[in-house]
Amino acid sequence: LDGITLPGMEFHFGTALGEDLGIPDLERKYDATFLAPGLWSGRSLQLPGLERARATDALSFLQRHRERCDLLVGGNLLVIGGGSVASDAALTARRAGAAKVHLVCLEEREEMPALAAEIAEMEREGIAIENGWGPCEVSAGPRLSFARCTSVFGEDGVFRPAFDASETMELEFDQL
């Protein structure tokens, strides 16, 4: 750590976010927080009909934008996820010219893993946030159908989303 530490900086290694502490704890305790969980590649959704869509994972999208600052995004962009990477992708797309950006996530607003400041920034920039929905299937249009998410974690605290298939919505998009 020699050479990168400054007075007042603290490092906490081997700490499990969500187990040892949560993002709201960090926001209350610190003015600034840098999380380095080590994710080096994006994750793709496994959805029926995804081959019909112009889709990419958020990390690849952000990397392409960083490498080609002139990358323009047009039309209607749909971002799936409620964390910081999803919010970065939504904000980047909006600033790169997307006419409309929707962010859809499983979590309710108070459960979103994104920082409160990121959520506020998305709202200021006109990004529509749809909470409590899980993606189901891509259909022609392209359109993505969603089912209402009734819980994100099981009683044991393990990620195990549950859905109410009787409550659905669909969103059209140009890029996912």
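Which residue in strand 5 does V138 stand opposite? I looked it up in the model, which is a predicted one. V138 faces L144 across the pairing.

**Strands 4, 5 and 6**

I followed strand 4 along next. It pairs with strand 5 (residues 143-153) in the antiparallel sense, over six bridges. Then I checked the whole sheet: three strands, order 4-5-6, open, with antiparallel pairing. Strand 4 (133-139) and strand 6 (159-172) are the edge strands; each has a single partner strand, so one side of each has no neighbour in the sheet. I noted the twist too, which averages 25° from one strand to the next.

**Strands 1 and 2**

I moved on to strand 1 (residues 76-80). Four of its five residues are buried, so I put it down as mostly covered. Strand 1 runs parallel to strand 2 (residues 100-105), and five bridges join the two. In that pairing I found L77 opposite V101 of strand 2. I also wanted to know what links up with these two strands. Helix 3 (residues 84-95) does: strand 1, helix 3 and strand 2 together make a right-handed β-α-β unit.

**H102**

Is H102 buried or exposed? I found H102 in strand 2. Its relative accessible area is 9%, and the cut-off for buried is under 20%, so H102 counts as buried. I then listed its contacts, skipping neighbours within four places in sequence. H102 touches N76, L77, L78 and V79, and also A128, E130 and L171.

Note on methods
Residues are numbered from 1 along each chain as its sequence is written. This is a predicted model: local features need pLDDT of at least 70, side-chain atom pairs count only at pLDDT 80 or more; totals for chains, interfaces and linings use all residues. Side-chain values use heavy atoms; hydrogens and water are left out. Buried means under 20% relative accessible area, exposed over 50%, partly exposed in between (1.4 Å probe, protein chains only). Two strands pair if DSSP finds at least two bridges between them. A crossover is right-handed if, with the strands pointing away from the viewer, the path from the first strand over the helix to the second runs clockwise. Contact means heavy atoms within 4.5 Å. Axes are lines fitted to C-alpha atoms, for helices over the stretch in contact, and angles run from 0 to 180 degrees between N-to-C directions.
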